[in-house]
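These are my notebook entries on a structure that I looked through piece by piece.

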Amino acid sequence: LVAGDTRFDRVAEIARAARRIDVIDRFKGDNRLFVAGSTWEPDEELLIRLINDNPDVKFVVAPHEMDESRIARLMAETKGGALRYTQCTPRTTYGYATWSYIGGGFGVGIHNTLEAATFGLPVAFGPNYEKFKEARDLVTLGAARSVTDYEQLRTWFVPLRDNEEFLQKTSRIAKDYTTRHQGATGIIVKTIFH
């Protein structure tokens with residue numbers, strides 16, 4: 001019996017349990033929000049440029065490792081004022097977001113794309129994603145894009161920022177993909193206990 005992947009169920013559960021976070025509500029205001037999770041330095045190189053090129057968009061960046069020098073650099077090199085908020089994780093902020101970026105793709109391999117996709121977010125990440133079936137699937141379906149430099153990140157982002165219909169379509173593809181693959185947990189439980 002092939003039951004599928006229980007991670008789809010787990011991220012759906014996370015999405016259902018997402019609480020409102022007052023500070024993010026206030027930070028976002030009436031703007032749209034871009035969330036970048038589990039980022040490393042090469043990811044941040046691209047993101048700093050994206051942040052500075054998009055003053056009308058709010059960004060949350062949650063680095064994979066919270067070392068002081070990296071935080072200081074993000075604070076210093078982004079225009080428009082930055083806030084530190086240590087209780088933020090990508091998991092708690094994806095529900096507020098319109099777009100997402102997943103770190104790790106310039107090194108060991110990308111982190112979890114499903115947490116973003118389950119909220120219907122278009123996803124971008126670096127080139128090292130081949131080991132992850134769901135990332136490959138999302139790229140094939142058009143809900144995700146692998147980028148190797150800033151120009152590619154910008155080219156992916158601008159149409160999703162400026163074309164509401166295209167954004168909605170891409171969001172729906174991401175959400176539908178995660179919904180379609182739910183249910184493995186129930187199948188496994190039924191098979192083991194009956």
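I looked up Asp137 and found that Asp137 counts as buried, since its relative accessibility is 18%; buried means under 20% relative accessible area, exposed over 50% and partly exposed in between, with a 1.4 Å probe and protein chains only. Asp137 lies in helix α7, residues 133-141. Helices (H or I, at least four residues) and strands (E, at least two) are DSSP runs numbered from the N terminus. I found a polar contact of 2.7 Å between the side chains of Asp137 and Lys133. A polar contact is a pair of N or O atoms within 3.5 Å; within protein, one must be able to donate a hydrogen and the other to accept it, and residues adjacent in sequence count only if both atoms are side-chain atoms.

I note that the model is predicted, that local features need pLDDT of at least 70 and side-chain atom pairs pLDDT 80 or more, and that totals for chains, interfaces and linings use all residues. Residues are numbered from 1 along each chain as its sequence is written, and side-chain values use heavy atoms, with hydrogens and water left out.

Thr98 is buried at a relative accessible area of 15%. Leaving aside residues up to four places away in sequence, I found Thr98 touching Arg32, Leu33, Leu121, Pro122 and Leu167; contact means heavy atoms within 4.5 Å.

I then checked Ser38, which sits in strand β1, residues 32-39. Its phi is near 55 degrees, a positive value in a residue other than glycine. Most residues other than glycine have a negative phi. Ser38 counts as buried, at 19% relative accessibility.

Which residues of α8 are buried? I listed Tyr150, Leu153, Trp156, Phe157 and Leu160. They lie on the same side of α8 because they cover an arc of only 130 degrees around the axis, the arc being that of the directions from the helix axis to the C-beta atoms. At the start of α8, a side-chain oxygen of Asp149 comes within 3.3 Å of the backbone nitrogen of Glu151.

Finally, I examined the packing of α8 against helix α9, residues 164-180: the angle is about 110 degrees and the axes are 5 Å apart. Axes are lines fitted to C-alpha atoms, for helices over the stretch in contact, and angles run from 0 to 180 degrees between N-to-C directions. The two helices, α8 and α9, are therefore roughly perpendicular, a term for angles of 65 to 115 degrees. Pro159, Leu160 and Asp162 of α8 meet Glu164, Phe166, Leu167 and Thr170 of α9.

Methods:
Angles under 35 degrees count as roughly parallel, over 145 as roughly antiparallel, 65 to 115 as roughly perpendicular and the rest as oblique.
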